[in-house]
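Please walk through this structure with me, one part at a time. Keep the sequence and the 3D view open as you read.

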Amino acid sequence: MTNELETTRVLALLRRYGFNTTSFQALEDGITYWWHDDDACVAYAQGGGAWVAAGAPIAAPERVELVARRFVEVARAAGRRAVFFASQERFAALTQFRSVPVGLQPVWDPREWSQLAERSRSFRYQLRRAANKGVVIRRIEPSELGDPVSRTRLGIERLIENWLANRRMSPMRFLVRVEPFSFAAERRSFVAEVDAEVVGFLSAVPVYARDGWFIEDVVRARHAPNGTVESLIDAAMRRAALDGSSWATLGLVPLAGPVPRWMQRVAWITRPLYDFAGLYAFKSKLAPSRWEPVFVTHTHDVATPIAVLDALRAFAGGNLAVFAARTLVEGPSVVLWSLALLLIPWTAALAWADTAMWFPSLAIQHAWIAFDVVICAAMLVLARRFRPLLGLVVATAVTTDAVLTLLQAVLWNLPRIDTILEAIVVLVACGAPIFAVLVLWRAVRRERRLARN
């Protein structure tokens, strides 16, 4: 456990040696510190059987490798693996360890931002759209951000609460916590307002040793005008340029660039939960000066998939199963995606099924097939972005489906069941739509609650 005195020590160290993009995240809640003497430390979290460090050790450049080796030794003595997540090229060059790319981060020189913005017609168009809709961007002073009863602070809190409630995954616990009010004097924060209502928020944290800024959080309301996010980023970059900063990033795009093939497959499988390609496309449109690789670094006796799994456990708060359960409860996207995919072989099975055995007539069989095709397509749309009206229509249709399926099962199928396998098929046919009904109506209620807020 950490305390205010220890985080003050870490902040002093960051001001001298904070080079990693994620170095400021060492101050997040839930981080543990391992100290090497008084002038070096490693910020880490538990990830299953590993200590997962938030990037490279915070130390003088000439001491980084020594501190990392000692951290590995202490972790081993405690029966733990040591993993350094979101490390960068300087640390990856150390020969004592193995570094594997897990994505890319875009980098800009803020002093060149105005020319880049002027050259991008689409970017200028987004700025004009926001301005025409009355979006006003302003920087927030630390005193205003730190006042728990200020109108702006309360507006930001509501914005973040609604934004988190609308995410496809349960909130993560490592390196990506949304904590915009801690160490307010160190941050650079901006709000987007329309008629004094907060519709967007940006928080940038310092990367001291690079004289730069990591734009850590960019949050917008669902009803915010198009161009709100671009306007916030534009304001942050121009302010950094005025201050003479020479380096800025929007942070990691996971699984982008030359990552191992198995990671590319993971990106494809997890698309319903996280739009990696969309994130890369958005940051690319902002014309970064260059892309820097980001790595997971570990000892040579640990397989890279194990190291990545350790990092995922740290992000999940230590237990992936609990994180998955929270995601299923708090957001229906992955369930809808799974149900839609399962409907594909199920619909094919309906098409090949013996009509006389399973259906009262051929017309009813064809009607079920057509219905499932439509529902499958609708669920895929909802899994990507839940639309309240479509969700209501699909929930109503699937409720009707569940009732009709149950009636057919009782009146037609049950009297004809001869084997356990046939009974299982009927049970699945009745249970799947009932489960989908529960998921869909819960999602519809959640959307209504968000709309009221």
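Strand β9 is largely enclosed by the rest of the structure, because seven of its nine residues are buried. Buried means under 20% relative accessible area, exposed means over 50%, and partly exposed lies in between (1.4 Å probe, protein chains only). Strands are DSSP runs of E with at least two residues, helices are runs of H or I with at least four residues, and both are numbered from the N terminus. This is a predicted model: local features need pLDDT of at least 70, side-chain atom pairs count only at pLDDT 80 or more, and totals for chains, interfaces and linings use all residues. Residues are numbered from 1 along each chain as its sequence is written, and side-chain values use heavy atoms, with hydrogens and water left out.

What does β9 pair with? Two strands pair if DSSP finds at least two bridges between them. β9 and strand β10 (residues 247-249) run parallel, joined by three bridges. Here Phe214 has Thr249 of β10 as its bridge partner. β9 (residues 212-220) is also joined to β8 by eight bridges, and these two run antiparallel. Pro206 stands opposite Trp213 of β9. β8 and β9 form a hairpin with four residues between the strands. In that hairpin, Asp211 has a positive phi near 50°.

Now follow β8 (residues 197-207) itself. Ten of its eleven residues are buried, so β8 is largely enclosed by the rest of the structure. Strand β7 (residues 188-194) pairs with β8 over seven bridges, in the antiparallel sense. Ala192 has Gly200 in β8 as its bridge partner. β7 and β8 make a hairpin too, with two residues between them. Asp195 sits in the turn, with a positive phi of about 55°. In a regular strand the side chains alternate between the two faces of the sheet.

Next comes strand β4 (residues 81-87), which holds Ala82. Is Ala82 buried or exposed? Ala82 counts as buried, because its relative accessibility is 6%. Which residues does Ala82 touch? Contact means heavy atoms within 4.5 Å. Leaving aside neighbours within four places in sequence, Ala82 is in contact with Trp51, Phe71, Val72, Ala75, His298 and Thr299. Trp51 is 31 residues from Ala82 along the chain, yet their C-alpha atoms are separated by 5.1 Å.

Turn to the cysteines. A disulfide is a covalent bond between the sulfur atoms of two cysteines. Here the rule is a pair of cysteine sulfur atoms within 2.5 Å. By this rule the count is zero. Cys430 is in no disulfide, and the nearest cysteine sulfur, that of Cys376, is 20 Å away. Cys430 counts as buried because its relative accessibility is 12%. Cys41 is buried as well, at 0% relative accessibility.

End at helix α16 (residues 388-413), where Leu406 is found. Leu406 is partly exposed, with a relative accessible area of 43%.
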